[in-house]
Amino acid sequence: MNVLDKLRSAFGNATPEGGDRQAFMGAVRASADAKFGDYQANGCMALGKTLGKNPRELASAVREVVDLEPLAAKPEIAGPGFLNVRLHVEWLSEALAGLLGDDAHGLSAPKTQRTVVVDFSSPNVAKPMHVGHLRSTVIGDSLARIFEALGHRVVRDNHLGDWGSQFGMILWGWKNARDDAAYEADPVTELARLYRLAQDRIKAGEKGVEDAARAETAKLHAGDPENRELWQRFMPHCLKALEAIYERLGVRFDVELGESFYDPMLANVVEDLTQRGIAEESEGAVVVFVDRKKAPFIIRKSDGASNYGTTDLATIQYRVKTWNPDQILYVVDHRQGDHFKQLFAVAKTWGYDKVDLEHVAFGTILGADRRPFKTRQGDVVGLESLLEEAVAEARKVVDGNSPDLAPEERARVAEVVGLGAVKYADLSQNRISDYVFDWQKMLAMNGNTATYLQYAYARIQSIFRRGEIRPEDVRQRKPVILLSHAAERGLAVRVLRLPEILELAANELKPNIVTDYLFDLANAFSTFFEECPVLKAESAERRDSRLALCDLTAETLKFGLSLLGIDVVDRM
Ligand code: ARG
């Protein structure tokens, strides 16, 4: 059940005359401080301004008519015109009892099920994944999980860059500098070496390399048998290397339709756009002018080659035809912002005006020097070695904290803690901002980290172990949940917020709304745990009630973390 939704519609029904219902509903939110109740409706201030009325008077008029039962009694008017809502404790207690052992965590089927395509990860293959790919992979995976949890239909699509100029460089390298034995031994490493070699020579300004590499790409696209055959040979190895990383990260895709898949459709796209008079010729190229004052969107270069933009148009056409999505999310670096702005504008003119196209942009991962994260040698950080290091760092923490666990167990815990730390550090940022990669911070036992949340979960499991009680037994006994202590109440209100949080995160496409919530929940648990004895509670009823609160917290933490692609362990 979505408490915020219920309160919003109740306040919506009480919107003062002349006020905007949506805006008034939007101004209902959870209170930051229990002093101001559990939720507040703050719309009267803005409304007072637009209507030229006294906000406190508006608030009392709203208070007269609003009906919040059975959730809460009449709201309280505070300050210049806030309406503070305090949920009935009996209602809270019952709602919570209903959640105990509920595998759906209080989520119900959506009013209208949407189909969402999530275009994420989408690395350029043929070079190893690096730290820059982490954000798209982790953010996209989390958004997909959140939409799925809300009951929407999700298509996870890895739009692999398997057709671009990097293949030309590899082909050039293959023909000019390959080491057959090295390729036999480890194809991916050899291909990566060839790619880097070509790139370095081009950077160094070596004559002819760039043109030669471009010619190889053009030949590949034109269907040259030798290049096509080499492409066919290289691809499986490239995919296998990616697969290993996705496997480790627990990331999966429904489809992996790379740029090459769309190649046969490109000519039609250009023709169709030209026929409809949307595209035109300009300086030998075929382009769409989105804004005459700015550079146009190129769909066929003057040398006849189609490009990234053409492919993205064909992709939209294909996705709409295949899945008829309500929304397509592009989880891509913010530096591609202009590309997507133009792409979406062209798609709209082309007739794709019903599907909601969203660029889910994100910032850069920075090193301690606040410059893009590089290794000491100045190379981009490979994703594989980064994950290795995460697990090694986590192992130090686990070895320090739990020397009594068996070594294999510690290794397993380190994997969960290390990967969790890296993912969480990324997801807990407002995705638009850059963030500084810092092992110490991301593995801190205290603070807004996965480690802290995983630790809270493990601590709850240890309460059950120490009491020799199984959570299932408490669930079965269906205890009455007593909320007389402020810390119990605080925890209860937060556990109930999960559905509204997921809804907010999905609307704003921001996993950090989920991380902030989990952090807040774990803090509320920590307060509860300090102030309310569980195993030593004064009565058996109290004890069961508190065990139920522990279980609900643990299950919410576990589920919430799973939506971030993060696991938990029972001991750490
Ligand atoms: N392969 C591209 C890159 O690495 C990202 C692709 C994003 N998706 C898309 N449909 N353009 O920059």
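The entries below record what I looked up, in order.

**Entry 1: the chain.** I noted at the outset that this is a predicted model. I counted 24 helices and 13 strands in the protein chain. I then looked up the extent of the C-alpha trace, which spans about 80 × 65 × 40 Å along its principal axes. Of the 572 residues in the chain, 44% are buried. I also looked at contacts between residues at least 6 apart in sequence, and found that 72% of them join residues at least 24 apart.

**Entry 2: a sheet.** I turned to an open sheet of three strands, whose order is β7-β8-β9 and whose pairing is antiparallel. Its edge strands, β7 (280–282) and β9 (297–300), each pair on one side only. From one strand to the next, the twist averages 50°. I recalled that strands of a sheet pair through backbone hydrogen bonds. Strand β8 (residues 285–288) is joined to β9 by three bridges. For Val288, I found the bridge partner in β9 to be Phe297. Helix α13 (residues 266–275) lies across β8 and β9 and runs at about 120° to β9.

**Entry 3: the ligand.** Which residues surround the ligand? I listed Asp119, Ser122, Pro123, Asn124, His159, Gly161, Asp312, Thr315, Tyr330 and Val332. The elements that give two or more residues to this shell are α14 (308–323) and β10 (327–333). Sorted by class, the shell has three nonpolar, five polar and two charged residues.

Terms used. Residues are numbered from 1 along each chain as its sequence is written. This is a predicted model: local features need pLDDT of at least 70, side-chain atom pairs count only at pLDDT 80 or more; totals for chains, interfaces and linings use all residues. Two strands pair if DSSP finds at least two bridges between them. Helices (H or I, at least four residues) and strands (E, at least two) are DSSP runs, numbered from the N terminus. Axes are lines fitted to C-alpha atoms, for helices over the stretch in contact, and angles run from 0 to 180 degrees between N-to-C directions. Two residues are in contact if their C-beta atoms, placed from the backbone, lie within 7 Å. A residue is near a molecule or strand if its C-beta atom, placed from the backbone, lies within 6 Å of it. Ala, Val, Leu, Ile, Met, Phe, Trp, Tyr, Cys and Pro count as nonpolar, Asp, Glu, Lys and Arg as charged, and the others, Gly among them, as polar. A residue is buried if 20 or more other C-beta atoms lie within 10 Å of its own, exposed if 12 or fewer, and partly exposed in between; C-beta atoms are placed from the backbone.
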